Amino acid sequence: MYIPAAAQQAMPVDRHASRETLNLYRNLKKLMGRGFMFGHQDDLAYGVGWKYIRGRSDIRDVTGDYPAVYGWELGRIELGWAVNLDSVPFDKMKTFIREGYDRGGVITISWHLNNPLTGKTAWEPAPGSVASVLPGGLKHALYKSWLDRIASFMLDLKGSRGEYIPVIFRPFHELNGSWFWWGGKNCSPEEIITLYRFTVSYLRDSMNVHNLLYAYNTDRFASSAAYLERYPGDEWVDITGFDIYQGNNIAKNEDFVQELDNSLGMLESIAREKGKIPALTEFGYNGLPDSLWWTRVFLKTLQTHRIAYALAWRNAGYKAGGQYEFYVPYRGQGSAEDFRKFFLAGTTLFQEDVTKAQLYN
Ligand code: BMA
């Protein structure tokens, strides 16, 4: 039977996706016309100066509302640990995920999985690591056992009617960079493409996980060709995104605006051409030293584009040795007032907006 391309694209990677997952997929596309959803990693678990206070969120402290998208991280679940690499207990995480979903929010999950070949962290690449987990490789069985743990976590996420909670799963993120064992010069494009496809197919077809949408995401990139070098193919991807941070490489606002604007433009054309959902899968300016960054830099750029969401990275707070890590303001932080303006802008969507949009119906 002939199925027109546009109709084919209306289906996610998983043809047996649960009803809520399919609805989310379709509604994400629709919602893009109204603005972009604001997301925050680990938002409900901790913020700057606090941890595990029920109902608290730095975003809510500053705006009165929660983010629309909640990011979570599964690194170390593969080892059977009870807490992730940032010390968030997986059982608490499940509760937070249910809370966000119950309010109509969107859940996205990343996975900084250890290096299966060496047993070291995700950031410690070694030659042959990706090849070792592919079918026929030394660590293939181990990798499958890790995916079994991912599957059981995902299948344990249920809403009040027993329905599975949809998750945007974002495996092998920043795969064009060389800092993770699955990225850049640590493997060939063919190897990571094979691994990406295997991972999707194992979760979907062998483990019967049907509450996932799949996000492909690079780090900053210079051209569409570079973006697509490790793209696994249209039938394996629902969401196309990239991660970008201001600071380390680009300190000047104008430079950042220009790069973000260019990259979003390229991302949008790729997504449009392929019928995918574009998103800024991670972003941030650590420490937010510019009090007007939200309106003058971020919103100024984002409002000329159409993407589904932008996820700010985690508010880990102040660490020993004068180090700090936070990407959204906390109460009293220098950019908090500007963030409220950003929150009130018509094109930024937070919890109350998505609750009304009923993304799962
Ligand atoms: C990084 C930092 C780390 C963290 C890791 C995984 O960007 O935030 O502190 O361990 O992400 O969440």
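Buried means under 20% relative accessible area, exposed over 50% and partly exposed in between, with a 1.4 Å probe and protein chains only as cover. The model is predicted: local features need pLDDT of at least 70, side-chain atom pairs count only at pLDDT 80 or more, and totals for chains, interfaces and linings use all residues. Residues are numbered from 1 along each chain as its sequence is written, and side-chain values use heavy atoms, with hydrogens and water left out.

**View 1. Glutamate 174 in the loop between strand S6 (167-170) and helix H7 (189-206)**. Helices (H or I, at least four residues) and strands (E, at least two) are DSSP runs, numbered from the N terminus. With a relative accessible area of 8%, glutamate 174 is buried. Its phi is near 55°, a positive value in a residue other than glycine.

**View 2. The loop between strand S4 (69-73) and helix H4 (90-102), with glycine 80**. Glycine 80 counts as partly exposed because its relative accessibility is 45%. Its C-alpha atom is separated by 18 Å from that of threonine 95, 15 residues apart along the chain. Serine 87 lies in this loop between S4 and H4 as well; phi of serine 87 is near 70°, positive although the residue is not glycine.

**View 3. The ligand and its surrounding residues, Glu73, Asp86, His112, Trp123, Trp313, Arg314, Lys319 and Glu325**. A residue is near a molecule if one of its heavy atoms lies within 4 Å of it. This shell divides into five charged residues, two nonpolar and one polar; Ala, Val, Leu, Ile, Met, Phe, Trp, Tyr, Cys and Pro count as nonpolar, Asp, Glu, Lys and Arg as charged, and the others, Gly among them, as polar. An oxygen atom of the ligand is 2.5 Å from an N or O atom in the side chain of aspartate 86. Taken alone the ligand exposes 300 Å², and the protein buries 76% of that (Shrake-Rupley method, 1.4 Å probe).

**View 4. Helix H2 (residues 19-31)**. The expected span of a helix is 1.5 Å times one less than its number of residues. For the 13 residues of H2 this gives 18 Å, which agrees with the 18 Å between its end C-alpha atoms. Among the buried residues of H2 are Leu22, Leu24, Tyr25, Leu28 and Leu31.

How values were computed:
A polar contact is a pair of N or O atoms within 3.5 Å; within protein, one must be able to donate a hydrogen and the other to accept it, and residues adjacent in sequence count only if both atoms are side-chain atoms.
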